Amino acid sequence: MDGWSELDNLLRTDPRDVGCAEALEMLHVYAELSAAGGPVEQRYPGIAAHLRACGPCGQDFEGLLAAVRRGSK
Amino acid sequence: MSPADSRGARGQGAAAVLDPESAEWVQMLTGTGSRREVALVRLHEMLVRIALGEVRRRGPQLRIAGPELDDLAYQAAGDALIAITGKIGQFRGESLFTTWAYKFVILNVSAKIGRHFWRNPTVPLAAEEWDRLPDRFGFDPAREAEWRDLLAALQRVVNEQLTPRQRRVFVAIVLNDVPLDTLVIELASNRNAIYKTLFDARRKLRAALVTNGYLPDELSRR
């Protein structure tokens, strides 16, 4: 990927993006469904869009997903 | 940004019937006496285990290690325990109780990491590191004349079209690589508000660069 694409990706916004507050409110539900292999992107497109764009919320999701997976073993 | 997606995997928005394990957690933690004490100890142990796992998962990206990192995990677990017991009445059974509880400790780890960087900044929060952008975006040195033109246009739009607040947030996060959670503390704000400010800045900057022919419009990308 060249610098133009990197910059374009940084600046590009998704109108479905629900923002941090709404994504974090539902993060436990989203992570549990994701850990179970459920269709999270289809069911929660606005949260999926947010987690792709927001570094901190994406990190929190990855951490919660890892915790759920560890906890289920 | 759009309103929230539809609610809960289990609860569909209303209070769901709790699974037996979650019901037992709620019953013990809202009870009294030795059963509650036992449940609090068990919950704290679980939160510490999750917090330690999380700081180790994030460790390679952080400039924190060893006892300091473990201390951060214990603090996050302690704060999460207080938050969970205080908000247990808000647990609606949309997930397992443990998943809901894990969320508190993961978010507390994030907040503690943000606070750590606020206390130990690697760059002045108000600096403007425009020279970092070529490396950050991976521009090809062979096309330097082109990308210098693009970055000059970006800097012009940042200076002329963003509000002072948008400019400050964009400069801190994009130019200076300040973690968003650190900026939350610096500006006495919250993650949602800072993200929304950055979201609006990104949209405004992209629109200006597209209008001036520096980036492709939506249709040409498809």
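With 12 C-beta neighbours inside 10 Å, Asp177(B) counts as exposed (buried means 20 or more other C-beta atoms within 10 Å, exposed 12 or fewer, partly exposed in between, with C-beta atoms placed from the backbone). This is a predicted model, where local features need pLDDT of at least 70 and side-chain atom pairs count only at pLDDT 80 or more, while totals for chains, interfaces and linings use all residues. Residues are numbered from 1 along each chain as its sequence is written, and chains are lettered from A and ligands numbered from 1 in the order in which they are written.

Asp177(B) sits in the loop between helix 7 (164-175) and helix 8 of chain B; helices here are DSSP runs of H or I with at least four residues, numbered from the N terminus. Ala188(B) belongs to the loop between helix 8 and helix 9 of chain B, and it is exposed, with 6 other C-beta atoms within 10 Å. Most residues other than glycine have a negative phi, so here are the two values:

| Residue | Phi |
|---|---|
| Asp177(B) | near 60°, positive |
| Ala188(B) | near 50°, positive |

Now for the contact, which takes 40 residues from chain B and 41 residues from chain A (two residues are in contact if their C-beta atoms, placed from the backbone, lie within 7 Å). On the chain B side, the elements giving two or more residues are helix 2 (33-58), helix 4 (97-119), helix 8 (180-186) and helix 9 (191-211). Helix 9 of chain B gives the most, with nine residues.
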